[in-house]
Amino acid sequence: MHAVLLTGHGGYEVLEYRTDVPVPQPKPGEVLIRVAATAVNNTDINTRIGWYSKAVSEGSNAGGAAGFAGADAADASWTGEALHFPRIQGADCCGHIVAVGEGVDAARIGERVIVRNLLRTYVDWRPWECWTFGSECNGGFAQYTMAPSRETFAVDCDWTDAELAAIPCAWSTAENMLHRAQVGAETVLITGASGGVGSSAVQLAKLRGAKVIALAGKAKAAEVLALGADRVIDRDADLVRELGEGSIDVVLDLVGGPGWPQLLDVLKRGGRYVISGAIAGPLAQIDLRTLYLKDLTLYGATFQEDAVFENLVRYIEAGRIRPVVAKTYPLKDIVQAQKDFLTKGHVGKLVLIPPQDI
């Protein structure tokens, strides 16, 4: 089959497009999926460039072309453990089940499905543990992939394959942040609101009845408003001046970096801050007095309870959400897709389409 192999941590040279990779065979409890579409995500790039290594202190965009020379391969995955190469990445997968392993009902063959990107099967459903599809196991950057049947969801909708492929990683990240903070009809500030996770967070927060204030570049403001944001503020603005101290109930942060302290300043007393990304930089300075005197709660959000992905499937089938697909590419053009992703010139998702013949 055709597949993209990650051969190590580094620049684009470690992405090897191959046409002679063996088609995998499903093990007990697994299904074999013919991949119809997959998508580009920060986590795939972060792993490739070694950004998760604690030796790296810069924003992830800084290492997109060449990777981080100082990254330590021993802790350069999101789990903090060394990866085994080669690896087929791709945290997103939409496709059709074409074979099943022992113990899986053969009636599943033919289903159009998406795969939960944070897998619990391989860690025996232990709390706070999971594998990322395309990191600890092979993922969607191929014509065929395997996944646990229990975490492979049939979806009944009229969406394109590219739209469905936009859901698993970005939308589950956003839904998890909202779920973790129990967001309701309150005022929410979302950073990085034009990206895959940010644009989905806008829609999902509105679904919960929230008033959404989005941070995005000026050129993307109209598109973010069209997604449902009540107000868009330039990402480089002085937030305290624009919003006032103590004006926000919940912050959903995907950016981090030097502007981080202002996010706590604009939170109300008793406010909640949720982070699930730090593309502008992983290191930030906190005034602990702000944290405890305002009775703030800070959440890191990676592990997902089962309800998160199940919610997304329900939203799709009920017609309550719709992703934005900015552009599609043939799988062989993955390098160009990642370059375009890192320029942040788009709103929504960039999707890769594997060859449909073999």
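**Sheet, helices and loops of a predicted model**

The buried residues of helix H10 pack against strand E1 (3-6), strand E2 (15-18), helix H1 (42-49), strand E16 (325-330) and strand E17 (349-353). Here contact means heavy atoms within 4.5 Å, and buried means under 20% relative accessible area, with exposed over 50% and partly exposed in between (1.4 Å probe, protein chains only). Helices (H or I, at least four residues) and strands (E, at least two) are DSSP runs, numbered from the N terminus. The model is predicted, and local features need pLDDT of at least 70, side-chain atom pairs count only at pLDDT 80 or more, and totals for chains, interfaces and linings use all residues. Residues are numbered from 1 along each chain as its sequence is written, and side-chain values use heavy atoms, with hydrogens and water left out.

Helix H10 itself spans residues 334-343, and its buried residues are Ile334, Ala337, Gln338, Asp340, Phe341 and Leu342. Just after H10 comes Lys344, in the loop between H10 and E17. Although Lys344 is not a glycine, its phi is positive, at about 55 degrees. Most residues other than glycine have a negative phi, and most peptide bonds are trans.

Asp124 is another residue other than glycine with a positive phi, near 55 degrees. Asp124 sits in the loop between strand E6 (118-119) and strand E7 (131-132), and with a relative accessibility of 61% it counts as exposed. The peptide bond from Phe85 to Pro86, in turn, is cis, with omega near 0 degrees. Pro86 belongs to the loop between H1 and strand E4 (94-100).

Turning to the strands, an open sheet of six runs in the order E12-E11-E10-E13-E14-E15, with parallel pairing. Its edges are strand E12 (231-234) and strand E15 (297-300), each of which pairs on one side only. From one strand to the next, the twist averages 20 degrees. Two strands pair if DSSP finds at least two bridges between them. Strands of a sheet pair through backbone hydrogen bonds, either parallel or antiparallel.

Strand E10 (residues 187-190) is joined to strand E13 (residues 248-253) in the parallel sense over three bridges, and Leu189 stands opposite Val251 in E13. Helix H4 (residues 196-207) packs on the sheet, where it touches E10, strand E11 (211-216) and E13, and its direction makes about 175 degrees with that of E10. Axes are lines fitted to C-alpha atoms, for helices over the stretch in contact, and angles run from 0 to 180 degrees between N-to-C directions. E10 also pairs with E11 in the parallel sense, over four bridges, and Val212 in E11 is the bridge partner of Val188. Thr187 and Leu189 point one way from E10, while Val188 and Ile190 point the other way, and all are buried.

Helix H4 has a helical neighbour as well. Helix H3 (residues 168-181) packs with H4 at an angle of about 50 degrees, and their axes are 8 Å apart. That angle makes H3 oblique to H4; angles under 35 degrees count as roughly parallel, over 145 as roughly antiparallel, 65 to 115 as roughly perpendicular and the rest as oblique. On the H3 side the contact is made by Ala170, Trp171, Thr173, Ala174, Glu175 and Leu178, and on the H4 side by Gly196, Val197, Ser200, Ala201, Gln203, Leu204 and Ala205.

The cysteines were examined next. With a disulfide defined as a pair of cysteine sulfur atoms within 2.5 Å, the count comes to zero disulfides. Cys130 is in no disulfide, and the nearest cysteine sulfur, that of Cys137, is 11 Å away. Cys130 is buried, with a relative accessible area of 9%. Cys169 is likewise in no disulfide, the nearest cysteine sulfur being that of Cys130, 11 Å away; Cys169 is buried at 10% relative accessible area.

A last stop is Gly139, in the loop between E7 and strand E8 (144-148). At 1% relative accessibility, Gly139 counts as buried. Leaving aside neighbours within four places in sequence, Gly139 is in contact with Ile88, Gln89, Gly90, Phe133, Gly134 and Thr145. Gly139 and Ala62 are 77 residues apart in sequence and 25 Å apart in space, C-alpha to C-alpha.
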